[in-house]
Amino acid sequence: AADREQFARVVNALNNLKDESRPAFVLLLGDMVNDEKSPAPWGAYQDVLKTLRYPVHWTPGNHDPRPETPARFSFVHEECLFLGLDSNLWRGGETDAAAQFAWLEEQLRARGKYRFVFVAQHHPLFLHEAGEKDDYFATPVVWRVKLLKLFEEARVTAVLAGHLHRNTSGWYRGVALLVTPSALNNFDGTPPGFRLVEVT
C-alpha cells in the first residue's frame with residue numbers, strides 16, 4: 001500500500017508539471033514491482049499507471065521481467081533515437097543476449113540519421129570504472145566491453161539506467177551515463193522521484 005501511494009504521488013507530480021517542464025514521454029527503467037509472480041503488485045502498478053498522462057516506454061528490471069511483454073523498443077522523437085534494452089539478458093542466456101546485441105547493432109547502423117541517440121536499460125554499465133570486476137549492480141564484463149565499444153563507435157549520447165536506487169552520473173569516452181533514483185525507495189536517503197531530461 002505504501003509503495004502504491006508513493007508511485008501515485010510521483011505520477012501526480014508528473015501530471016502536474018507545467019508548460020516547458022512537461023515531458024514528451026516517460027521512460028520506466030524497471031523494478032516497478034518487487035515480486036513479478038504476485039498479481040497484486042502488478043494490479044496496483046497498472047491502476048496507478050493508467051492515470052499517467054504521457055506515453056510510456058518500459059524496460060524490465062531484475063524484479064519484474066515479463067516474458068509476455070516486449071522488452072526492447074526503438075522509437076524516434078524530434079531527431080532523437082531512443083532504444084530500450086532488456087539488461088537481464090546480459091546476465092542470462094547467451095543466445096537471447098546475442099540476439100539482442102545483433103538487434104542493437106542493426107538499430108545503430110542508422111546512427112547518421114539522428115541528432116542524438118539514447119539507450120535505456122535497467123542495469124548500469126558499470127559502477128566506478130569500465131574495467132571493474134563483475135558486480136550484482138552492473139552489466140557483466142563480457143557484455144559491458146562489447147556495449148561500451150559499440151556505444152563509443154556509434155556516438156551514443158547517453159545511457160540511462162536505474163537499479164542502484166540512488167542518483168549517479170558519469171562519462172565514458174563521450175557517452176553520458178545517468179542512473180536515476182527510484183520512484184519508490186532509495187538506499188542513500190535520496191527522496192523518491194523522477195529525472196527530467198531536457199534535450200536542446
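A pocket is an open set of points on a 1 Å grid over the protein atoms alone, with protein on both sides within 12 Å along at least five of seven lines, and its lining residues have an atom within 4 Å of a point. The views below come from a predicted model, in which local features need pLDDT of at least 70 and side-chain atom pairs count only at pLDDT 80 or more, while totals for chains, interfaces and linings use all residues. Residues are numbered from 1 along each chain as its sequence is written, and side-chain values use heavy atoms, with hydrogens and water left out.

**View 1. The second largest pocket and its lining.** Rolling a probe the size of a water molecule over the atoms shows where empty space is left. The second largest pocket holds about 170 Å³, a volume being the space filled by probe spheres set on grid points that are joined across faces, edges and corners. Its lining has 14 residues, and Phe126, Leu127, Thr168, Leu177 and Val179 lie nearest the centre. Two or more lining residues come from each of β6 (158-161), β7 and β8; strands (E, at least two residues) and helices (H or I, at least four) are DSSP runs, numbered from the N terminus. The lining divides into 10 nonpolar residues, 4 polar and no charged. Here Ala, Val, Leu, Ile, Met, Phe, Trp, Tyr, Cys and Pro count as nonpolar, Asp, Glu, Lys and Arg as charged, and the others, Gly among them, as polar.

**View 2. Salt bridges.** Side chains of opposite charge can pair when their charged atoms come close. A salt bridge is a side-chain nitrogen of Lys or Arg within 4 Å of a carboxyl oxygen of Asp or Glu, and the whole structure has 4 of them. Glu152 pairs with Arg173, with the closest N and O atoms 3.5 Å apart. This pair links distant parts of the chain, 21 residues apart: Glu152 is in helix α4 (residues 141-153), and Arg173 is in the loop between β7 (168-172) and β8 (175-179). Arg173 is exposed at 59% relative accessibility, and Glu152 is partly exposed at 31%; buried means under 20% relative accessible area, exposed over 50%, and partly exposed in between (1.4 Å probe, protein chains only). Glu106 and Arg109 form another salt bridge, at 2.4 Å from N to O. In the bridge between Asp47 and Lys50, the closest N and O atoms are 3.8 Å apart.

**View 3. Helix α1 and what covers it.** In α1, the buried residues are Gln6, Phe7, Val10, Val11, Leu14 and Asn15. Their cover includes β1 (26-28) and α2 (39-49).

**View 4. Phe116 in strand β5.** Phe116 belongs to β5 (residues 116-120) and is partly exposed, at 21% relative accessibility. Leaving out residues up to four places away in sequence, Phe116 touches Glu79, Cys80, Leu81, Arg111, Thr157, Val199 and Thr200, where contact means heavy atoms within 4.5 Å. From Phe116 to Glu78 the C-alpha distance is 9.4 Å, and the two are 38 residues apart in sequence.

**View 5. Positive phi at Asp31 and Arg155.** Most residues other than glycine have a negative phi. Asp31, in the loop between β1 and α2, has a positive phi near 60° and is buried, with a relative accessible area of 15%. Arg155, in the loop between α4 and β6, has a positive phi near 55° and is exposed, at 51% relative accessibility.

Methods: 1 Å grid on protein atoms, 1.4 Å probe; cavity = no way out; pocket = protein on both sides within 12 Å on 5 of 7 lines; lining within 4 Å.
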